[in-house]
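Open the structure in your viewer and keep the sequence panel beside it. The stops below say what to select and what is there.

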Amino acid sequence: MGGDPGGHDVVAVLLAVACAAVVVLTVALVRIRRRWRAVVGERGWLLERERESAAEAAVAAERDRIARELHDIVSHNVSLMVVQASAAREVLGTMPDEASTALRAVEDAGRGAMTDLRHLLGLLAPAPDGEDGGMGAGVPGPGRGSGLAPQPGLDRLGHLVDRISFAGLPVEVRVSGEPRPLPQGIDLTAYRVVQEALTNALRHADGGKAEVTVRYADHALRVEVLNTGPSVLTGTAPGAPGALGRPADGTGRGLLGLRERVALYGGDLDARRRLGGGYRVRARIPLDRP
């Protein structure tokens, strides 16, 4: 008895089709795996680029923060030193006691600048154990020296006003609402607004006076500094060229830094000349922002 040749042919055809299907599926699987690897590699490259971009943005933001801090520290203290040194020079020959007092104020301002700079640089330096103790937070972290003081806030407003008043600019302070603890960043920002405005007023007020108003509202902190006399930020009459090469509208580094500080917390800052002379700096910082 012989086998059915037709049956053998059918089996052979089926085996050939099966083998061809296996080959096709294998080729397709290899292609899919290659494409998958390519997609994964591309996603990994994109993620790496995103991490690099985020790191670059963080570095740029930190540089801006450090630049603002350095400007505020140096500008304020050097302005006090210049004013007091000028006063000492004018009375050195006729009123030596007053000149000595002014020179002591110069020394105090210099020491204050060095203390603030050491504080800032201490926050930037790595801790002895190599840990990052919260750089930029304004508070010493693990491994930090205990001698680093917190960043200034509105609790040091009286000391600031005393220094400005002693340097020759009378300052009146009004506080409305119920004072309460503020987030450290907002507290520092409010202090820097007052410090920058009073420093500019001292530099350009030309015998005027200043008023500081701090209002604790339900949902926002409002800070306003008014001064009499010429423009605070330019020291010139309206329409005249700005001092030290600044434009007349007062777009100096200090004002830009204040706007950036306040905007960081969702607030807004307005600085403009007053119709009756002098300048007004007004900031509003929300307190209920998540």
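Which residues does Thr189 touch, not counting residues up to four places away in sequence? Select Thr189 and display what surrounds it: Arg261, Val262, Tyr265 and Ile285 are touched by Thr189, where contact means heavy atoms within 4.5 Å.

Before moving on, note that this is a predicted model, in which local features need pLDDT of at least 70, side-chain atom pairs count only at pLDDT 80 or more, and totals for chains, interfaces and linings use all residues. Residues are numbered from 1 along each chain as its sequence is written, and side-chain values use heavy atoms, with hydrogens and water left out.

**The whole chain**

Colour the chain by secondary structure. There are 5 helices and 5 strands; these are DSSP runs numbered from the N terminus, with helices being H or I of at least four residues and strands being E of at least two. Along the sequence the pattern reads α-α-α-β-α-β-β-α-β-β.

Of the 290 residues in the chain, 35% are buried. Buried means under 20% relative accessible area, exposed means over 50%, and partly exposed lies in between (1.4 Å probe, protein chains only). Among contacts with a separation of 6 or more, 68% are between residues 24 or more positions apart.

**Thr189 again**

Return to Thr189, which sits in helix α4. Thr189 has a relative accessible area of 2%, so it is buried. Draw a distance from its side chain to the backbone oxygen of Gly185: the value is 2.8 Å.

**Helices α3 and α4**

Select residues 157-166 for helix α3 and residues 184-204 for helix α4. Two packed helices are described by the angle between their axes and the distance between the axes. Here the angle is about 5° and the axes are 11 Å apart. Axes are lines fitted to C-alpha atoms, for helices over the stretch in contact, and angles run from 0 to 180 degrees between N-to-C directions. The angle makes α3 roughly parallel to α4.

Now show the side chains at the contact. From α3 come Leu157, Leu160, Val161 and Ile164, and from α4 come Tyr191, Val194, Gln195, Leu198 and Leu202. These residues divide into 8 nonpolar, 1 polar and no charged.

Val78 is partly exposed, because its relative accessibility is 40%. Its C-alpha lies 8.0 Å from that of Ala113, 35 residues away in sequence.

Then select Asn77, also in helix α1. Is Asn77 buried or exposed? Asn77 counts as buried, with 1% relative accessibility. Leaving aside neighbours within four places in sequence, its contacts are Ala109, Gly112, Ala113, Asp116 and Arg163.

**Last stop: helix α5**

Finish with Leu258, in helix α5 (residues 253-264). Leu258 is buried at 3% relative accessibility. Not counting residues up to four places away in sequence, Leu258 touches Arg192, Val193, Glu196 and Leu269. Asp270 is 12 residues from Leu258 along the chain, and their C-alpha atoms are 9.8 Å apart.

Conventions. Angles under 35 degrees count as roughly parallel, over 145 as roughly antiparallel, 65 to 115 as roughly perpendicular and the rest as oblique. Ala, Val, Leu, Ile, Met, Phe, Trp, Tyr, Cys and Pro count as nonpolar, Asp, Glu, Lys and Arg as charged, and the others, Gly among them, as polar. A polar contact is a pair of N or O atoms within 3.5 Å; within protein, one must be able to donate a hydrogen and the other to accept it, and residues adjacent in sequence count only if both atoms are side-chain atoms.
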